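Hello,

Here is the structure I promised to pass on to you. Have a look at it first, and then read on for what turned up.

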Amino acid sequence: MAIDLITRRDWNARRPAGAYTPINSTRGVKVHYTGGVVPASIVQDHAVCVRLVQGFQKHHMDGNGWMDFAYSLAACPHRKVFEGRGPHKLTAANGAGLNSQHYSVLALVGSSGFTRPNNGVLHGIRDAIDYLRQHGRAGNEIRGHRDGFSTTCPGQPLYDWIKDGAPRPGGEPAGNGGGQSKPTKPSGKPGAWPGRYLAYKPDALMRGQDIADWQRMLKRKGYTVDVDGVFGKMTRAATIVLQRAAGEVPDGIVGPNTWRIGS
């Protein structure tokens, strides 16, 4: 799907208090989170998203004395993207001396309440990145706010996702705005990550030689799984136990980090 962009007019943004500093291009995008309370009800109520973005703009302008909402774009749990400063405008979110290097995308995820990004947030971030690449000449880098700046932002769950390559949920190719994914051909080598993210999807179970390779790796480590090439509940459960034992985020998704742990 194309980006579901909520324009400044649509979210009733205030006019900026000054002129934006124009930029031609960036190295890429930095991902942020709110760092505060995001109500768990946000997942069921999009109006909460709108109020949060409006509140951030008010705080940035009236509290911090900035000329506008600091971020380039903001992504919410409903796979909608709020227009902030937008492309070709200097962000104010990354830190002094860092703002010209990357655009900024705020994920409406907090340090309490709603703390783990759902698929809508992750797709929204990727939609925002694709938009900034297409319309703002953003480069290929995807970083967290903490990269180069002393902060816990964007929180550990989002930062782990970024370290894993910021994949779209369900194995969808990162540069794809939607639609069906095309799995990378498995290598047949259990020690090499196959290039697609393996996960339990109850409506359409993932199958393949790469899944059988993963199951053999789990079995060698003592986990009870069938080597049938189908990513079912047992494979997901064993993956979660492995991730938890290794101190990783136990999301049951096999990316390059989890594959490395299992190999």
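Let me begin with the largest pocket, which is lined by 27 residues; nearest its centre lie Arg116, Leu122, Trp161, Asp251 and Ile253. The elements that each give two or more residues to this lining are helix H2 (119-136), helix H3 (156-163), H5 and H6, and H3 supplies the largest share, four residues. The volume of the pocket is about 660 Å³. A pocket here is an open set of points on a 1 Å grid over the protein atoms alone, where a 1.4 Å probe fits, with protein on both sides within 12 Å along at least five of seven lines; lining residues have an atom within 4 Å of a point. Grid points are joined across faces, edges and corners, and the volume is the space filled by probe spheres set on the points.

Before going further, please note that this is a predicted model, in which local features need pLDDT of at least 70 and side-chain atom pairs count only at pLDDT 80 or more, while totals for chains, interfaces and linings use all residues. Residues are numbered from 1 along each chain as its sequence is written, and side-chain values use heavy atoms, leaving out hydrogens and water. Helices (H or I, at least four residues) and strands (E, at least two) are DSSP runs, numbered from the N terminus.

Now to the helices. H4 (residues 209-220) has twelve residues and reaches 17 Å from its first C-alpha to its last, close to the 16 Å expected (1.5 Å times one less than the number of residues). Its buried residues include Trp214 and Leu218, where buried means under 20% relative accessible area, exposed over 50% and partly exposed in between, with a 1.4 Å probe and protein chains only. The buried residues of H4 pack against helix H5 (233-245) and helix H6 (256-262). Just after H4, Gly222 takes a positive phi of about 100°.

At 6% relative accessibility, Leu242 counts as buried. Leaving aside residues up to four places away in sequence, Leu242 touches Trp214, Leu218, Lys221, Tyr223, Ile261 and Gly262 (contact means heavy atoms within 4.5 Å).

In H1, the end C-alpha atoms are 25 Å apart, which agrees with the 26 Å that its 18 residues should span. Val48, Leu52 and Phe56 are among the buried residues of H1, and the cover over the buried residues includes strand E3 (37-38), strand E5 (81-83) and strand E6 (102-107).

How many aromatic pairs does a search of the whole structure find? There are three, counting rings of Phe, Tyr and Trp (its six-membered ring) with centres within 6.5 Å; planes under 30 degrees apart are stacked, over 60 edge-to-face and the rest tilted. Trp11 and Phe69 form an edge-to-face pair, 6.0 Å centre to centre with 65° between the planes. Trp11 lies in the loop between strand E1 (5-6) and strand E2 (26-33), and Phe69 in the loop between helix H1 (46-63) and strand E4 (73-75), so the pair ties together parts that are 58 residues apart in sequence.

Enjoy exploring!
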